[in-house]
Amino acid sequence: MLNQNQTPLIDALKACTTRPHAPFYTPGHKRGVGISPLLTDLLGKDVFRADLTELAELDNLFKPENAILAAQELAAEAFGAEKTWFLVNGSTCGIEAAILATCRMGEKIILPRNVHSSVISGLILSGAIPIFIQPEYDDDLDIAHSITPEAVKAALVKHPDAKAVLTVYPTYYGVCGDLQAIAKRSVGIAQLTHQYNIPLLVDEAHGAHFHFHPELPTSALAAGADLTVQSIHKTLGAMTQASMLHIQGNRIDIDRVNKALQLVQSTSPSFILLASLDAARQQMAINGEKLMFQTLEFAEIARSQINQIPGLSTPLAKREKSPGFINLDKTRLTVNVSKLGLTGFAAEEILNQMGVTPEFSSLQNLIFIISLGNTKEDINALVQGVKSLTQIPQLTSQYNICKYRNDDKIVHTCCLSPREAFFANSKILPWEKTEGRICAEIVCPYPPGIPLLMPGELITKASLDDIQQIAELGGLITGCADETLKTLKVVDV
């Protein structure tokens, strides 16, 4: 057992910031002396003293031997991994590295269609061939959940040469699929992935807190995942971009992970971000269960009070379990506003004016992340904010009424691999003339960052209509070159 009270990276950084010396190394602001006063007025001066490069006493991220190595070993123990890497380019680089480490050009990977855009980047970089599984779909709420063990089994039977299975756990809505069955810890279908002796990769960006309280869903590693990537900044106390990649078992080649991370991570990592990972780990290792108990308590107060407001509901909390919905992260609050005649986009705009900011909105829902950083005052503001949606009709009349409903799941057909389409010759066509063509770019509402079209997919009328409806109702569409959605880039064939 390691001493989880230790903070080796913070200690090393503190020593460097207080050591008197003349700096002749990067960064150019030289410990804050050259920073613009505009920035020091905003942030103060002290933070810039810690913005240091890879000095000898601070270690090297790509070949850690001292402070970073010690911090990563502490993190591995705290999160239940055999080995952990710190990430400064967000979970995006971890997902990309996971695919690069397990799949070569032309090799297959089985994964859900509702993956984050970082997965598509990993497919483009690696040249892997996606075998998409449609996740379980909630028609009433227009929400995709998780892939099912049965779907994974069918894909493995059809594609026994696949090199990995990747899943999202939890989804952006906090939904957790049957990971233990998809992994190895149960009988029958539960041994699916490992029966084929291939690794299970998990995008656990929104589940870094799971390990620290028994009332939260089982963590991906505890459920049997071989590799998981967690955004420590999303639900715990690290700074934005600060994430971790964990592995266990012998199905993942550590050397390939190291090499892949060197491809996708900065060679000038921020030691402020790295130190925030060290601090967040120490905080959770020592006080994690207490902090998560309070977070769960706040979430339950919010959920209970919102469910008493006419016209509002938190439907996922009441949903019956299914193969694609085994558990729900109770700290993730989905509030359905469709009975108010509002879209989630319009409701978010109203709430922003009242000083309450959700994580994101969809056509029918508002999604709130409740974490260890929220206070009782925050919860009161949240409840009063959503209550106001029902009490101020003159406000709601200014916004789009929620008349749009997508009853049909869009069928996505891959004509080329994402890499082939990305590097193929392309041309720009008017939006209305792209139906039936092969997409050459990512078209993605953000958040949550799940592409509606990706390179290599057949462009259908349903996809085009869905994208335009989301944009017209207030959703933000990213990834495509033409943000006005008047044109779209297609493969020139």
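Which element gives the largest share of the lining of the second largest pocket? The answer is α14, with 4 residues. This is a predicted model.

- The space in the second largest pocket comes to about 270 Å³.
- Its lining counts 14 residues. Thr357, Pro358, Phe368, Ile369 and Asn374 are the ones nearest the centre of this pocket.
- Two elements, β14 (365-369) and α14 (376-391), each give at least two residues to this lining.
- Sorted by class, the lining of this pocket holds 8 nonpolar, 3 polar and 3 charged residues.

**The sheet of 3 strands**

- Strand β14 also belongs to an open sheet of 3 strands, in the order β12-β14-β13. The pairing in this sheet is antiparallel.
- The edges are β12 (332-336) and β13 (360-361). Each has a single partner strand, so one side of each has no neighbour in the sheet.
- Between β13 and β14 there are 2 bridges, in the antiparallel sense.
- Ser361 has Leu366 of β14 standing opposite.
- Helix α13 (residues 344-353) lies across β13 and β14. The helix runs at about 50° to β14.

**The sheet of 7 strands**

- Another open sheet has 7 strands, in the order β1-β10-β9-β8-β6-β2-β3. Its pairing is mixed.
- As background, strands in a sheet pair through backbone hydrogen bonds, and they can do this in a parallel or an antiparallel way.
- Here β1 (83-87) and β3 (129-133) are the edge strands. Each has a single partner strand, so one side of each is left without a neighbour in the sheet.
- On average, neighbouring strands of this sheet are turned by 20° against each other, direction ignored.
- Strands β1 and β10 (residues 243-247) run antiparallel and are joined by 5 bridges.
- Lys83 has Ile247 in β10 as its bridge partner.

**The cavity**

- How many cavities of 30 Å³ or more are there? The count is 1.
- The largest cavity has a volume of about 30 Å³.
- Its lining is made of Ser146, Ile147, Thr167, Val168, Tyr169, Gly177, Asp178, Leu179 and Ile182.

**An aromatic pair**

- The structure holds 5 aromatic pairs, and one of them is Phe79 with Phe212.
- Why is the pair of Phe79 and Phe212 called edge-to-face? The planes of the two rings stand at 90°, and planes over 60 degrees apart count as edge-to-face. The ring centres are 5.1 Å apart.
- Phe79 lies in helix α4 (residues 67-79). Phe212 lies in the loop between β8 (200-203) and β9 (227-230). The pair therefore ties together parts that are 133 residues apart in sequence.

Methods:
Residues are numbered from 1 along each chain as its sequence is written. This is a predicted model: local features need pLDDT of at least 70, side-chain atom pairs count only at pLDDT 80 or more; totals for chains, interfaces and linings use all residues. Side-chain values use heavy atoms; hydrogens and water are left out. On a 1 Å grid over the protein atoms alone, a cavity is a set of points where a 1.4 Å probe fits but cannot get out, and a pocket is an open set with protein on both sides within 12 Å along at least five of seven lines; lining residues have an atom within 4 Å of a point. Grid points are joined across faces, edges and corners, and a volume is the space filled by probe spheres set on the points. Ala, Val, Leu, Ile, Met, Phe, Trp, Tyr, Cys and Pro count as nonpolar, Asp, Glu, Lys and Arg as charged, and the others, Gly among them, as polar. Two strands pair if DSSP finds at least two bridges between them. Contact means heavy atoms within 4.5 Å. Axes are lines fitted to C-alpha atoms, for helices over the stretch in contact, and angles run from 0 to 180 degrees between N-to-C directions. Rings of Phe, Tyr and Trp (its six-membered ring) pair if their centres lie within 6.5 Å; planes under 30 degrees apart count as stacked, over 60 as edge-to-face and the rest as tilted.
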